[in-house]
Structure formats: C-alpha cells, structure tokens
Amino acid sequence: MITTPGKPLHLSCIPRGEAYALKVNISKNEIGIIYRVTAVLYVHGWNIEEAIAETSMDGYIQDIFIVKRIDGSPMTDEHLNAIHADLHELFYGGMSVMNYLANHPEKMESLRIKVETAPEIFLFNSEISDSTVMDLRMEDRTGILFEISQILFLFGVDILSFKAVTDSGQVRDTFLLRLENGSKLDENLHFNRLKEALNAVL
C-alpha cells in the first residue's frame, strides 16, 4: 500500500486474473473522485473495466478499479508510485484535471477522435432504486470512461458504480448515478441534456 504522509490518500493493488484490482482510499467524499482517477489512469495507459465506489463506516471513500494495461504489461511498483504521485497532485496539490491533461498533449489529441457510429444512450429511473441507471453501447476506444466521467462531473452527477463489458470492439458501459444532493436525476431536467452532451464528445 502507498500512503501520503499527513494526507488521507492510500493506494493498493492486487492481481485479479489477467487484470488488477486498484484500490484508492480517500477520506473526503466529494464529487469528481472517479473523474480525477480516470484521468490519471488514462494518461498512464490503463484501461478500466469496472469501478465501484464504497463508503466505509469511518467515512473513508474506497474506489475499486479493475484495470488492465493497454500494452499488456504488468503493474509494477514504478507504475503504482507514478499513479499515486499524480493523484496526490489532483487531490491535494491544487492541480485541475484540465491542467493535468494539458501536460500530456498527446493524450488530448487522442480524446478528439470520435467513434464512427453514434453511441446508444439509455437513462432510466427505477421505483425500487435510489439511483439512476445509465447504459451506453458504442465502439470501444481508450479514454471513453474519462470523457464520460468528465461530462457527469460538469453536470454535478456522482458515479456510484460502473461496469464495462467489451465484445468484438463494442463496449457496453453501465453506470449507477446520483446528484450531489443524493437524489436521482430528473427525467425532464437532466436526461435529454445529458444525452446531448455525451453525444457531442463520444
């Protein structure tokens, strides 16, 4: 485990099949945690297959990311230290995500490449759940999760969990979402605006 002295940011990683379970623990629950983490993992060349946000009894936020290196190489201590250093800058060093990405212009160029086929985006509220489900089906490419999390962050929407299933170059991403105040997204107020914003970047 890697910790930040005086700052409640802890990072640990264990193998999980051909992937790795990367755990990010932070003491403050604020919107945009997954947004920052996805930015760092994207820059460092890690593809995220799943993410789950959990809150412990003592108030710590634990986000678990199932990740695979895009080039297939294993997670090393050097990789983990580099990820931790960048996360520290984003959480405690006053670095914004956009300034962070500006330091990696080659990654910014990749984000401007849109897929050829428009994504299918489904949003719905269930009476038996206290969160909104968002389901996306589209061509897979690196950086997609970061771009989605960026749009959600700008809309004031928190990601509770995320899961991706990839098959033959197509990806299905399923999210559980809530607003900052803990409520579900409003079907009349948020659904169409969110779909338009996602379609503009994906």
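I start with helix H5, residues 144–154: 9 of its 11 residues are buried, so the helix is largely enclosed by the rest of the structure. Buried here means under 20% relative accessible area (1.4 Å probe, protein chains only). Helices are DSSP runs of H or I with at least four residues, strands are E runs of at least two, and both are numbered from the N terminus.

A word on the source. This is a predicted model, in which local features need pLDDT of at least 70 and side-chain atom pairs count only at pLDDT 80 or more, while totals for chains, interfaces and linings use all residues. Residues are numbered from 1 along each chain as its sequence is written, and side-chain values use heavy atoms, with hydrogens and water left out.

Back to H5. Its buried residues are Ile-144, Leu-145, Phe-146, Glu-147, Ile-148, Ser-149, Gln-150, Ile-151 and Leu-152. After the helix comes Gly-156, with a positive phi near 75°.

For context, the protein chain has 6 helices and 9 strands. Of its 202 residues, 47% count as buried.

Asp-173 counts as buried, at 4% relative accessibility. Leaving aside neighbours within four places in sequence, its contacts (heavy atoms within 4.5 Å) include Ile-144 and Ile-148, along with Met-134, Phe-162 and Lys-163. Lys-163 is 10 residues from Asp-173 in sequence, and the two C-alpha atoms are 5.7 Å apart.

Next, the second largest pocket, with a volume of about 250 Å³. A pocket is an open set of points on a 1 Å grid over the protein atoms alone, where a 1.4 Å probe fits, with protein on both sides within 12 Å along at least five of seven lines; lining residues have an atom within 4 Å of a point. Points are joined across faces, edges and corners, and the volume is the space filled by probe spheres set on them.

What lines this pocket? There are 20 lining residues, and Asn-47, Ile-48, Asp-140, Arg-141 and Leu-145 lie nearest the centre. H5 supplies at least two lining residues, as do helix H1 (33–43) and strands S4 (46–55), S8 (157–167) and S9 (170–179). Domain 1 (9–110) and domain 2 (113–201) each give at least three; those bounds come from an automatic or database domain assignment.

Last, His-79, in helix H2, residues 77–92. His-79 is buried, at 19% relative accessible area. Beyond four places in sequence, His-79 contacts Trp-46, Arg-69, Ser-73 and Pro-74.

Technical notes
Buried < 20%, exposed > 50% of the residue type's maximum accessible area, 1.4 Å probe, protein only.
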